[in-house]
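Here's a quick tour of a two-chain model, meant to be read with the structure open beside it. Have a look first, then follow along.

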Amino acid sequence: MNGRGGAFKFFLFLLLAIMAGCDSSSPGDDSNEMILYANLPTKIRGLDTGDIGDVYSAMIAGQFFECLYQYDYLKRPYEVIPHVAEGMPQISKDGLTYIIKIKKGVYFADDKCFLGGKGRELKSSDFVFAWKRIANIKYFSKNWWVFDGKIVGLDEFREYSKNCKSAADVDYSREVEGLQTPDDYTLVIRLKKAWPQIVYLLAHQPTAPIAKEAVVYYGKDIVNHPVGTGPFKLKVWHRGSYIEMVRNPNYREEFYPSKGEPGDAEGGYLDDVGKRIPMVDRLFFVLIEEDQPRWLQFLRGKIDAASIPKDNYGQAIDVSRDLTPEMKKLNIHLKTFKNPDTFWIGFNMEDDVLGKNKALRKAISYAIDREKYIKVFWNNRDDIAYGFIPPVMKAYNPEISKLGIGYDLEKARHLLKEAETIHGGKLPTLTFSMGGADTLARQIGQFYQRSFKDLGLDIEVAYMDWPTFQDKVKTKSVQMFSLGWVADYPDTESFLQLFYSKNVSPGTNNFNYSNPEFDELYERVAVMPDSPQRTELYRKAELMVIEDCPAAFINHRVAYILHHDWCMNYKPHIFQYGLAKYRRIDMKKRAAYKELLKKVK
Amino acid sequence: MTTYIIRRLLYTIPIVLGVLLLTFVLFTVVGGDVSIEIAGKNATPETIEEIREEYGLNKPLFLSWDSQFINHFKSALTFDFGRARDRELVVDKIKRGVWPSLALTVPMFFGVLIISVSLALVVAFVRGSAWDVFAVVVCVAGMSIPYLSFILLGQYFFAYKLGLFPIFFSPDLSMAEYVALPVLIGIVTGLGANVRFYRTVMLDEIRSDYVRTAFAKGLDARRVLFKHVLKNAMIPIITRVVLAIPFLFLGSLLLERFFGIPGLGYLMIEAIGSRDYFVINAMTYISAILFVIFNVITDICYGLVDPRISFD
């Protein structure tokens, strides 16, 4: 082959290779398999439910693991119903003993950790093992707060584990008085004191059962090998790219709920009543960290549902906060709802500079123009957070905007002077950690940097990926950090426990905040049943935290979710873990979208 | 020539040892104890010790057969880089990422090379004309526009609006499909700087006496340019081209991130974002080794294309 001919052939090859790339396929074209395409906005930390404490990991793990209880998919207000439990618990008269029957015929997904690779039946002892594992202090679980001081003998088990050399040396056969398994299908829980939220917690992912075989077989690598009883099993986890799940063939007979709330029938949420779930065969969660490709993939129909990036808000939503004609032509649906969440800038109270300087923390909090932040980054969608209780919670204080901390630069400057006096000179540059390195995270980092510069304070922003950020927060290795909390259950106690001193990192109290007065109030209120008096105490606790300022509360999110019309049963649900089993894909509508898109474009 | 190649390969042994020493010093001695970074500021001594034990950081640095350096040496030579911070084997990550990266960078590399050398020859031939000025302006403009703009424009216009390409990686697409647009963008963005460089090289050659003689003898322009000028311009071309090859394995950081291509560029960004020293160490070592190997290949190529260079 001479040079010229070779070059020509190479060009031809290159052209063909590129043309081969021209996109002629549409999701669902190739087979009748029902596939759901979802987006992951960030990498996930791991799939070991015992140590999951972030929403992204929980969203994925929720497809593999099941708890004793779950929230009804359709009913509102949210109602707890049995999941792998046979029924609701039998509670003793003193409210301290719970007897829970477990469904028969619930099997773990097949995995090589089991004898012959065949998943075995779920036993009550799997719960006891999972909970003891969280109690094991050498395991460094983020979720000890769930059980701390609640079950007879479990705190003693934790004390015992302190003396073991490593997590693997802990003897799990050691008895815990408050966790008994009279047979394989019965679990008896004895409490030390009243625990009004117990049923909510038994629907919360960290309480999901774990097979001991999986822990023994995979050791520390169990973070990459979820073995649960859920409707799906992991097929591929390409970290940094995508997660593929397939239907778990061992999944028992479960059916789509038959009752909802008024309007559900009109909304099409009752079309699949009585159908066996899961309905989809395969799930793809593709990691797309940047806004533009995520948005374009959604419009192209390659993702079934998506949130709206700030730069595309005007394209999707009009001035009346409804869908634009362009979106309506594409048969896109909008779901909006207030999330039970609060986002903040947290201060590590064990940090030498911040921990001892309340004036500095308050100066930082007063220096943030929350209104501008919400306008710039969230298109005025969100609510300003003056405290940590979200507006959707019953205990939300309507007077909080007057009692909490808002933007006041003058006051912030005055407080900064006071802070410098306390520090004994000019304050050093502070480090602000962000759990993301994408464009939006960098813009938010720059916004805060600028806000604090205006105050007269230098900060350095450290951008890192989500799992690294989570690890750093867990190990108290951050100074200031951007984070939030989404309620795990419909009780404000879910937020209060974030400030309880016994829950400091690796627990959920990432601020490492400690106030004996708050602790005393928390211990009192945590055992109270719902009442106006309890609501008042919740509000009192919130004001106590605002005064100590372990965090600058910023916003409460209002979700704007778009989904294509082929994505059925897409009812907003604030406890959004493991909901893929209810979804159905209308394959005809999805196949027709390509033509519709051409017509609209 | 065989003796020369063997000699050059033998020279690489101390260089590889030097690379190993340098990466070890950089990541272990200068970088400090990674166990504290992994365990966090407030970890208990037991936790730190457990991590040190797992990664072999409790062993002596140099003076032992079981020292950290010897283990680093062994693991590098056997390409056993241990586990990343997310507990996956580093070598598995690299193996998985190398093909998507090569699928992206190899066509980009050849596309840019062939188009830019050909264009440079033509532009050099018509030097001083309006076409030459136009080409220079276009090249400078291409070099001045940020890379990201090409990506965003390509994604929006060619992929979304025209529907010619996929917008982003999707597990149901073939590799050829999801690298197509990034390859095209990579070629377009690479042309500016390369055409400018090769044009300068070609201009130096075109002004030579032998070119004038060739034209005087009545040879046609195509023969003069592609046979004589191109052959004589091979030394700077080889230097630029062969030394660029090792970087093909590293993929393209921006393209891989914005198109979700699960290659080594993305892996490197991830490793930096997650402070994963084990992955960064492995990638640094592999790049250094490839650089050394391709340096040797460059030297061999010099001898092949230029008769003035002797292998003795």
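## Ground rules

This is a predicted model, where local features need pLDDT of at least 70, side-chain atom pairs count only at pLDDT 80 or more, and totals for chains, interfaces and linings use all residues. Residues are numbered from 1 along each chain as its sequence is written, while chains are lettered from A and ligands numbered from 1 in the order in which they are written.

## Chain A overall

Chain A holds 19 helices and 23 strands (DSSP runs numbered from the N terminus, H or I of at least four residues for helices, E of at least two for strands). Its radius of gyration is 26 Å, close to the 25 Å from the globule rule for 601 residues, so chain A is as compact as a globular protein of that length. That radius is taken over C-alpha atoms, and the rule is 2.2 Å times the number of residues to the power 0.38. The C-alpha trace of chain A spans about 80 × 65 × 60 Å along its principal axes.

## Strands and sheets in chain A

Back to the opening pair: β6 (residues 179-183) and β7 (residues 186-190) of chain A run antiparallel and are joined by 3 bridges. A hairpin takes β6(A) into β7(A) through 2 residues. Pairing here asks for at least two DSSP bridges between two strands.

One open sheet has 4 strands in the order β1-β12-β9-β8 of chain A, with mixed pairing. Its edge strands, each pairing on one side only, are β1 (35-40) and β8 (232-238) of chain A. Neighbouring strands in this sheet are turned by 20° against each other on average, direction ignored. Within it, β1(A) and β12(A) pair in the parallel sense over 6 bridges, and A:Tyr37 has A:Phe284 as its bridge partner in β12(A).

Another open sheet has 3 strands, in the order β13-β21-β14 of chain A, and its pairing is antiparallel. Here β13 (305-307) and β14 (332-338) of chain A are the edge strands, and the twist averages 25° from one strand to the next. Antiparallel β13(A) and β21(A) (residues 558-564) are joined by 3 bridges, with A:Ala306 partnered by A:Leu562 in β21(A).

## Helix packing in chain B

Helix α5 (residues 90-125) of chain B crosses α14 (residues 277-305) of chain B at roughly 55°, their axes coming within 10 Å. Axes are lines fitted to C-alpha atoms, for helices over the stretch in contact, with angles from 0 to 180 degrees between N-to-C directions. α5(B) and α14(B) are therefore oblique to each other (under 35 degrees is roughly parallel, over 145 roughly antiparallel, 65 to 115 roughly perpendicular, and the rest oblique). The contact is made by B:Val90, B:Lys93 and B:Ile94 of α5(B) with B:Phe278, B:Val279 and B:Ala282 of α14(B).

As for α5(B) and α8 (residues 175-206) of chain B, the axes come within 5 Å and cross at roughly 35°.

## Where the chains meet

Between the chains, 43 residues of chain A are in contact with 44 residues of chain B (C-beta atoms, placed from the backbone, within 7 Å). On the chain A side, α1(A) gives the largest share, 7 residues.

Methods: Two residues are in contact if their C-beta atoms, placed from the backbone, lie within 7 Å.
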